[in-house]
Amino acid sequence: RDFCLSRGLGDVYKRQLTDLNMSSGSFAVEIQDSSMSPAFNIGDRVIFDPELTAAPGDYVIVKVRDETPVFRKLKVLGFSENLKPVLEFVPLNNDFPSIQSDKLQTKILGVMTEHRRYRPSH
């Protein structure tokens, strides 16, 4: 079993156990907003592998400019004049904005490999 670090509230690092064969740079993130609901909810954990190549339809974590990374679904819109793919990072919740790689500087930090949903504690 491999371990990856989980980045939770306030950058508290915890150990996250997985039985997937993942690269050493893999990490987990706790969902902090509702941009990907209803499929992904606040408190869910998503594990990413930075060594995987993202494909259309994959869920990715992407850094936009120098801002906090966001979790989105990858869509390819087409190609620029120099044949570079134009990517769109789409939220599942329409109340949040899409991000386009031809309008803002973006960098994919990892591709989702696992999603964990936890029962709410009441």
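User: Which elements does the protein run through from the N terminus on?

Analyst: The order is β-β-β-β-β-β-β-β-β. Helices (H or I, at least four residues) and strands (E, at least two) are DSSP runs, numbered from the N terminus. Here the protein has 0 helices and 9 strands. This is a predicted model, where local features need pLDDT of at least 70, side-chain atom pairs count only at pLDDT 80 or more, and totals for chains, interfaces and linings use all residues. Residues are numbered from 1 along each chain as its sequence is written, and side-chain values use heavy atoms, with hydrogens and water left out.

User: How much of the protein is buried?

Analyst: Buried means under 20% relative accessible area, exposed over 50%, and partly exposed in between (1.4 Å probe, protein chains only). Of the 122 residues in the protein, 34% are buried. The accessible surface (Shrake-Rupley method, 1.4 Å probe; for residues, only the protein chains shown count as cover) comes to about 7,900 Å². Carbon and sulfur atoms hold 50% of that surface.

User: Which residues make up the largest nonpolar core?

Analyst: A nonpolar core is a set of buried Ala, Val, Leu, Ile, Met, Phe, Trp, Tyr and Cys residues joined through side-chain atoms within 4.5 Å. The largest one here has 9 residues: Phe27, Val29, Ile31, Met36, Phe40, Val46, Phe48, Ile61 and Phe71. Strands β3 (27-30) and β4 are the elements that give two or more residues to this core. Another core, of 8 residues, lies apart from it, with Val62, Leu74, Leu87 and Phe89 among them.

User: What is methionine 36 in contact with?

Analyst: Contact means heavy atoms within 4.5 Å. Leaving aside neighbours within four places in sequence, methionine 36 touches Tyr59, Phe71, Arg72, Lys73, Val90, Pro91 and Leu92. Across the protein, among contacts with a separation of 6 or more, 48% are between residues 24 or more positions apart.

User: How many salt bridges does the whole structure have?

Analyst: A salt bridge is a side-chain nitrogen of Lys or Arg within 4 Å of a carboxyl oxygen of Asp or Glu. A search finds 3. One of them joins glutamate 30 and arginine 45 (3.7 Å, N to O). Glutamate 30 lies in β3 and arginine 45 in β4, so the pair ties together parts 15 residues apart in sequence. Both glutamate 30 and arginine 45 are buried.

User: Where do arginine 117 and aspartate 44 lie?

Analyst: Arginine 117 is in the segment after β9, and aspartate 44 is in the loop between β3 and β4, so their pair ties together parts 73 residues apart in sequence. Their side chains meet in a salt bridge at 3.4 Å, N to O. Arginine 117 is partly exposed at 47% relative accessible area. Aspartate 44 is buried at 2%.

User: What does arginine 116 form with glutamate 114?

Analyst: They form a salt bridge, with the closest N and O atoms 2.6 Å apart. Glutamate 114 counts as buried because its relative accessible area is 18%.
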